[in-house]
Structures are given as C-alpha cells and as structure tokens.
Amino acid sequence: MGLLDYFRASRKKGSAAVARERLQILVAHDRAERHQPSYLPKLQEELIAVISKYVKIDRRMVSVSLERGEHQDILELNIVLSEGGTSASR
Amino acid sequence: MARIIVVTSGKGGVGKTTTAAAFSMGLAKRGYRTAVIDFDVGLRNLDLIMGCERRVVYDFVNVINGEANLNQALIRDKRSDNLYVLPASQTRDKEALTRDGVQGVLEELAKTFDYIVCDSPAGIERGATMAMYFADDAVVVTNPEVSSVRDSDRMLGILASKSRRAENNEEPIREYLLLSRYSPERVEKGEMLSVKDVQDILSLDLIGVIPESMAVLNASNSGVPVILDEASEAGQAYMDMVGRYLGEALPHRFLEVPKKGLFRRLFGG
C-alpha cells in the first residue's frame with residue numbers, strides 16, 4: 001500500500017461496517033423468530049380475520065410475539081388501527 | 001467411545017470438504033484412529049480432495065443397502081494408517097441415506113475408531129441433516145461474508161433442534177466456529193468482517209482461523225489435504241485447529257497483516 005492509498009483508506013468507511021450492521025439486525029430477527037412457538041403465525045392470521053370483521057386494518061400492523069421470561073412468558077399482541085391514528089395494544 | 005464430529009456450514013463453497021479432509025488427517029497424524037465420511041450423495045468430492053478417487057469400489061449407500069460390508073467400502077489413506085475414507089454414492093436417489101442405515105454404519109465405525117468426521121453437503125436437505133443428526137460436536141465453517149454468516153446461524157438453529165441430542169434432551173452438540181478464507185489485509189482496510197465481528201454475531205467458540213491461501217487450491221489440485229503442507233499458513237492454521245479441538249490452548253495466528261518497514265509502507269510493495 002502506497003502513501004496515496006493510506007489517505008484514501010482513512011477517508012472512507014469500509015463496507016465491513018455495513019455488513020456487520022446488516023447481519024446483526026438479520027440474525028437477531030431470525031433468532032427471535034426461531035424461538036417462537038409454531039402456532040404464532042396461525043394465531044396472527046385468525047386475529048387479523050376477526051379484527052377485520054369490525055375494523056379496517058392493515059395486516060402488517062398486527063404483530064404477535066411471545067417473550068420468554070424466567071418465571072413467566074408474555075404473549076404480546078400489538079394492533080395498530082390504520083384510521084384516526086388510534087392504537088390499541090396488549 | 002468414538003466421538004462424531006460434523007463439518008457443516010449451510011452455504012456451499014466455504015471449505016467444508018477442505019476442512020473435513022484436513023481435520024481428519026490431523027487427528028490421524030496425532031495417532032487417533034479416524035474415519036471421514038462423505039455425506040454428499042450424488043456429488044461425491046471428498047475422495048478427490050483426499051486423493052483416493054481411483055480407489056473407490058463401494059460407497060456409503062452400498063453399505064447401507066447391504067451390497068457391501070463396511071470394510072470393503074472403507075479406503076485406507078496411503079499417508080496415514082490411522083485414516084479411513086468412506087466415499088459418498090453417486091446415485092441420484094437422495095432417499096438412499098436412511099436414518100437407520102446411517103446409524104448402523106456409525107455404530108459399526110464407533111467400535112473401532114476414535115473419531116468419526118462427517119463431511120456435510122451444502123444446504124439443509126437430507127444429506128446435511130443426516131450428517132448432523134448423530135453428531136457430538138459440530139465445526140461450523142464460515143467465510144467472513146454476509147451470506148455465509150447468515151447461513152451458519154441458520155445451521156446453528158437446526159443443530160439445536162433437529163439432532164439426536166436435541167430430540168433426546170441430552171447435552172447439546174458442542175459447536176465451534178472455523179473462520180476460513182480470512183484476509184487480514186482486507187480486514188485492516190475495512191473491507192472484510194473481522195474475526196471479532198463474526199464471533200460477536202454468531203457467539204460461538206472459535207476453533208480456528210484459516211487465512212486465504214494459495215496452498216488450498218494447490219492441495220486440492222494434487223489430492224493432498226492442505227494440513228500436510230506444513231510450510232503453508234493454511235496448513236499450520238489447520239494444525240492449530242486440531243490441537244485446540246484436542247484441548248490445547250493455542251493462540252490464534254495469521255490474524256494480523258505482517259508488519260512492513262517504513263520504506264515499503266511509504267512507497268508500496
């Protein structure tokens with residue numbers, strides 16, 4: 001590496017930092033999904049079906065997750081209503 | 001009791017077979033009776049990397065189907081009396097590897113061998129799941145590259161849920177990270193994920209770092225496991241990895257760019 005390269009290298013941030021960030025997010029997401037019980041996707045579908053009977057919702061705004069704690073597990077439902085900006089959660 | 005080690009990765013082309021060949025040769029050179037099995041049914045290649053492709057008569061599937069006995073199919077390595085190769089079948093029938101069949105072969109090998117190394121195919125199909133199912137230890141071969149790291153993480157999930165140890169609620173498979181094709185120059189420039197980056201993401205015990213090396217292609221060209229190229233960095237890094245697997249505390253080498261003098265730093269070279 002010559003003198004010129006030295007200055008060039010210190011000026012730009014390498015692509016490795018981008019790779020690291022992307023992977024951290026992706027792997028965390030994959031792992032969270034992996035530890036979810038298999039009934040969650042179906043539960044989510046059925047919830048969307050029921051709620052849609054009464055309110056107009058965007059299906060992407062319904063999330064279901066299970067958090068495992070030491071003494072208890074928390075099933076978290078997060079439903080954001082699309083109109084009027086009101087949101088109901090848990 | 002034999003110990004069963006799977007060499008796996010998810011992604012193809014990261015160095016599983018190179019690692020299986022080097023690792024099994026290293027264990028054999030240390031005096032352990034070692035068998036290495038190619039699980040890549042339909043795409044046999046371990047025999048080529050080990051340099052015994054012209055001595056294949058019977059294969060893994062022949063043994064499972066009772067068309068040959070294990071001793072007829074095992075090929076003794078010409079460089080080490082402790083090392084035997086069980087080649088994969090070239091059949092296109094992926095269903096040929098049955099769980100009972102694989103278990104039978106492993107149990108028979110376990111009677112006379114100290115270590116059984118299972119070279120997994122890429123992907124998550126039957127060959128790969130069979131290679132890991134009976135494993136005690138797993139070497140996850142990863143390149144410092146996004147798709148390889150992601151696939152390795154997927155394999156860790158499968159190892160933790162779909163193995164005999166997991167299904168029987170036994171002590172989980174011991175998992176080790178082997179980082180291969182590592183280039184300290186590119187890491188220094190910020191162009192490649194560092195050892196620490198990959199370790200942080202996968203949170204695994206690091207068993208070795210194999211530097212990118214011309215020696216690996218030279219070794220596969222000539223059918224000699226790269227660990228026998230003792231002058232090469234890759235060969236030495238594999239020897240260290242075998243030592244660490246056997247419990248030796250060895251510092252990781254080849255992680256830094258060799259220091260250059262001031263003259264070469266300023267004017268290149």
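In what order do the elements of chain A run from the N terminus on? Select chain A and follow the chain: the elements run α-α-α-β-β-β, that is, three helices and three strands. Helices (H or I, at least four residues) and strands (E, at least two) are DSSP runs, numbered from the N terminus.

Before you move on, a word on what is on screen. This is a predicted model, where local features need pLDDT of at least 70 and side-chain atom pairs count only at pLDDT 80 or more, while totals for chains, interfaces and linings use all residues. Residues are numbered from 1 along each chain as its sequence is written, chains are lettered from A and ligands numbered from 1 in the order in which they are written, and side-chain values use heavy atoms, with hydrogens and water left out.

**Stop 1: chain A, coloured by burial**

Of the 90 residues in chain A, 20% are buried. Buried means under 20% relative accessible area, exposed means over 50%, and partly exposed lies in between (1.4 Å probe, protein chains only).

**Stop 2: a bridge between the chains**

Now select A:Arg20 and B:Asp197. Their side chains meet in a salt bridge, 3.0 Å from N to O. A salt bridge here is a side-chain nitrogen of Lys or Arg within 4 Å of a carboxyl oxygen of Asp or Glu. This pair crosses between chains, from B:Asp197 in helix 10 (residues 195-202) of chain B to A:Arg20 in helix 2 (residues 15-34) of chain A. B:Asp197 is buried, at 9% relative accessible area, whereas A:Arg20 is partly exposed, at 29%. Over all chains, the structure holds 19 salt bridges.

**Stop 3: salt bridges within chain B**

Go to B:Arg3 and B:Asp137, another salt bridge, with the closest N and O atoms 2.9 Å apart. The two residues link distant parts of the chain: B:Arg3 is in strand 1 (residues 3-8) and B:Asp137 in strand 6 (residues 137-142) of chain B, 134 residues apart. Which of these counts as buried at 0% relative accessibility? That is B:Asp137; B:Arg3 is partly exposed, at 26%.

Next, select B:Arg79 and B:Asp77, whose side chains meet in a salt bridge of 2.7 Å, N to O. B:Arg79 is partly exposed, with a relative accessible area of 31%, and B:Asp77 is buried, at 5%.

**Stop 4**

**Stop 4: a charged patch**

Finish by selecting B:Glu185, B:Glu188, B:Glu233 and B:Glu256, which form a negative surface patch. Patches are made of residues with over 30% relative accessible area and no salt bridge; like charges are joined within 9 Å, and nonpolar side chains (Val, Leu, Ile, Met, Phe, Trp, Tyr) within 5 Å. Zoom in on B:Glu185, in helix 9 (residues 184-188) of chain B. B:Glu185 is partly exposed, with a relative accessible area of 38%.

Technical notes
Areas by Shrake-Rupley, 256 points an atom, 1.4 Å probe, with all protein chains shown as cover. Lys, Arg positive; Asp, Glu negative; His and termini not counted. Charge placed at Lys NZ, Arg CZ, Asp CG, Glu CD.
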